[in-house]
Amino acid sequence: MTTDAAVMAGVRLLDTAGEPGAGLRYAVAEPEAALEAIAAADVRGRGGANFPAALKWRAALRERGPRVVIGNGGEHEPGSQKDAVLLRRHPELVIEGLLAAGTILGAGKTILLLDGRLAPLAERLREIADGFGPAHLGLPAPEIVIGPEEYLVGEETALIEVLERKPAKPRFRPPLPVVKGYLGYPTVVQNIETLANCAWVLRRIAEDPAAAPAVDTFLWTVWGPQREAVVGESPIGTTIGAVLQAAGVEAWKGVTLGGFSGGAVSAAESDLALEPARLAEHGLSLGCGSFRVIDPGACAGALAQEVMEFFLAASCGQCVPCKAGLGDAARVLAGRRGRKVSDLTDMLDMFSELEGRGVCRLPDGGIVTTRALHRRFGDDIQAHAERRCGCGREVG
Ligand SMILES: Cc1cc2nc3c(=O)[nH]c(=O)nc-3n(C[C@H](O)[C@H](O)[C@H](O)COP(=O)(O)O)c2cc1C
Ligand code: SF4
């Protein structure tokens, strides 16, 4: 559980100022200039993929309206708490971002999907939305929906399915949601932090049209089985060691990135800059900024097993990488034979065949993180699979 006391002072977004509503009014008055400002500030997706928001919005604008904008408040990536903190700390900023996106995109509908854990915030968010006077500004009032507490609901097409009252099962692409999404309308889905960043940029521009705001920080959550989650904010490019230090982590053996989806590094890499291009060179990604600490002495093999079992349990099972691959990998990591693979070497070969072949990217997260853990902590993983590690985790 994250408490407000554990939240670090932010350097930009968490300590945001600016006049509530100023960014929205700017978007209503100057939608094209507002879109330009969001592009120039390099607002990127904070739900995991780091995709430029303005590019997605322009793609949706090429489609015939009406369009739909959805705020993704799923936040199911293991450990992540930053969206919840943002919604508690700056709810007006998130709602302002959602309404501004709706304005710029000419949306006929805006929806904010919250995970069930955030249901107590729904009433307050509705009041804030009413306070912006959306009808007065010619905007539809946002619909606030409480979704099921399932990992896959965070995946944007599964989320659209859920909003259409169907099970959380990702859709085949194409068509992309920006072409055909919620009820067949062009649909833009953005993460909570992304929407807050849009509002932050527009407030800055509204205050000073000559300002050149840049989204140069990211929110993170540092957590572990034995530690309370800490949420904070750091400049993009801060080293992983500095983030962990800011979170009060004194000693660590390693850390996973992007919850369980972005890979892992060891303490020997503490100088690694958390910058998307730099991370990509190492086959890693920042994802949603959730870092799971591996404490000194902890068994990285047990963690690899936990990661794979997490994805196996979360999968909807409609395609091969999940149906065949995740179960086999989980078995091998637990020291048993899989149906098609019998050891860790086979498992790594299988990963190369399966990566990128799912309807959604759920299995890729498990593959990237397990591969990264194996590269850094291969001895632990081998010892765990052979039950020599003594970690006590139930295997097989
Ligand atoms: C398995 C899976 C789970 C996801 N879970 C989340 C989530 O909980 N929250 C989120 O914002 N994005 C999540 N995403 C990413 C979304 O599909 C989508 O890319 C994102 O909401 C788009 O917003 P953004 O560009 O602002 O990040 C997930 C993706 C996958 C493949
Ligand atoms: S890749 Fe896995 S989770 Fe994603 S749609 Fe296919 S079976 Fe479901």
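Analyst: In this predicted model, the largest cavity is the space taken by ligand 2. Around ligand 2 there are 13 residues, and those that come nearest are C316, Q318, C319, C322 and C360. By class, the shell consists of 9 nonpolar and 4 polar residues, with no charged ones.

Turning to the sheets, one is open and has 5 strands in the order β6-β5-β9-β7-β8, with mixed pairing. Its edges are β6 (227–235) and β8 (264–266); each has a single partner strand, so one side of each lacks a neighbour in the sheet. From one strand to the next, the twist averages 25°. Within this sheet, β7 (residues 254–256) and β9 (residues 290–294) run antiparallel and are joined by 3 bridges. V255 has V293 in β9 as its bridge partner. Helix α14 (residues 362–385) packs on the sheet and touches β7, β8 and β9, with its direction at about 15° to that of β8.

The other open sheet has 4 strands, ordered β3-β2-β1-β4, and its pairing is parallel. Here β3 (143–147) and β4 (187–191) are at the edges with a single partner strand each, so one side of each is left without a neighbour in the sheet. Neighbouring strands are turned by 25° against each other on average, direction ignored. Strands β1 (residues 67–73) and β2 (residues 107–115) run parallel, joined by 7 bridges, and G71 stands opposite L112 in β2. Helix α3 (residues 53–61) packs on this sheet, touching β1 and β4, and its direction makes about 165° with that of β4. Helix α6 (residues 122–131) lies across β2 and β3, at about 165° to β3.

Conventions: Residues are numbered from 1 along each chain as its sequence is written. Chains are lettered from A and ligands numbered from 1 in the order in which they are written. This is a predicted model: local features need pLDDT of at least 70, side-chain atom pairs count only at pLDDT 80 or more; totals for chains, interfaces and linings use all residues. Side-chain values use heavy atoms; hydrogens and water are left out. A residue is near a molecule or strand if one of its heavy atoms lies within 4 Å of it. On a 1 Å grid over the protein atoms alone, a cavity is a set of points where a 1.4 Å probe fits but cannot get out, and a pocket is an open set with protein on both sides within 12 Å along at least five of seven lines; lining residues have an atom within 4 Å of a point. A molecule sits in a cavity or pocket if more than half of its atoms lie within 2 Å of its grid points. Ala, Val, Leu, Ile, Met, Phe, Trp, Tyr, Cys and Pro count as nonpolar, Asp, Glu, Lys and Arg as charged, and the others, Gly among them, as polar. Two strands pair if DSSP finds at least two bridges between them. Helices (H or I, at least four residues) and strands (E, at least two) are DSSP runs, numbered from the N terminus. Axes are lines fitted to C-alpha atoms, for helices over the stretch in contact, and angles run from 0 to 180 degrees between N-to-C directions. Contact means heavy atoms within 4.5 Å.
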